[in-house]
Each structure stands twice: as C-alpha cells, then as structure tokens.
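Have the sequence and the 3D view open side by side. This walk-through takes one site at a time.

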Amino acid sequence: AFGRSFWTEIGGSRMYAVAMGGGPAVVLVHGYGVSGTYMLPLARALAGSYCSAFVPDLPGQGRSGPLRRRESISDIADALVTGIAA
C-alpha cells in the first residue's frame, strides 16, 4: 500500500508527506538533495510490520516548495516539526 499523501502549509510554503501503517510513529527523513520517495520502500516494510511511518519531502526537496526565506538546517528542522504536528 502506498499510504495517505497530504500537504501541510508551513510559513507560506507547502510541504508534501506520506503516512502509512498503524502503531508507534516513525519519521523517516531523507538526506539533502533527494526526496522522501527514497525512503518509501523502508516505510512500506516498517508500516507492514509494527509501526506508522511518516515520510516528508523536506522544504525545497521533492514535491515540497521552498521556504520563503533562506533555508538553514534549523529552518528545515522547524518545518519538519511543524509538518509532523499537523
């Protein structure tokens, strides 16, 4: 199963994510220069076993739009926390 995809508005930009499975939550964060698509095979394996997997595209990566200001690691981390809480 692919899971449920959704968009979250963060500081005037949109962040894309996929959620799947049930149980304790695991957030799979991709590296810089790729997207959450890279993490989907692992998300499927984990979600089929024992947990929920949340796979975001970080700001400016994959389907997510860039933040409205220069993106520091701190800005990206803040956006991730906001996206998870939504």
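**A serine, a glutamate and a surface patch**

S64 is buried, with a relative accessible area of 5%. The cut-off for buried is under 20%, so S64 falls in that class. Keep in mind that this is a predicted model.

Where does S64 lie? S64 sits in the loop between β4 (52-56) and α2 (73-85). What does its side chain reach? The side chain of S64 comes to 2.5 Å from the backbone oxygen of D57. D57 is also among the contacts of S64, once neighbours within four places in sequence are left aside.

Now turn to E71. E71 also lies in the loop between β4 and α2. Is E71 buried or partly exposed? At 26% relative accessibility, E71 counts as partly exposed. Its contacts, not counting residues up to four places away in sequence, are P59, G60, P66 and I76. For a sense of distance, take G22. E71 and G22 are 49 residues apart in sequence. In space, they are 32 Å apart, C-alpha to C-alpha.

Which residues make the nonpolar patch? V27, V29 and I84 make it, and the patch covers about 200 Å². V27 has its place in strand β3, residues 25-27. V27 has a relative accessible area of 35%, so V27 is partly exposed. Patch residues need over 30% relative accessible area, and V27, at 35%, has that.

How values were computed:
Residues are numbered from 1 along each chain as its sequence is written. This is a predicted model: local features need pLDDT of at least 70, side-chain atom pairs count only at pLDDT 80 or more; totals for chains, interfaces and linings use all residues. Side-chain values use heavy atoms; hydrogens and water are left out. Helices (H or I, at least four residues) and strands (E, at least two) are DSSP runs, numbered from the N terminus. Buried means under 20% relative accessible area, exposed over 50%, partly exposed in between (1.4 Å probe, protein chains only). A polar contact is a pair of N or O atoms within 3.5 Å; within protein, one must be able to donate a hydrogen and the other to accept it, and residues adjacent in sequence count only if both atoms are side-chain atoms. Contact means heavy atoms within 4.5 Å. Patches are made of residues with over 30% relative accessible area and no salt bridge: like charges are joined within 9 Å, nonpolar side chains (Val, Leu, Ile, Met, Phe, Trp, Tyr) within 5 Å. Accessible areas come from the Shrake-Rupley method with a 1.4 Å probe; for residues, only the protein chains shown count as cover. A salt bridge is a side-chain nitrogen of Lys or Arg within 4 Å of a carboxyl oxygen of Asp or Glu.
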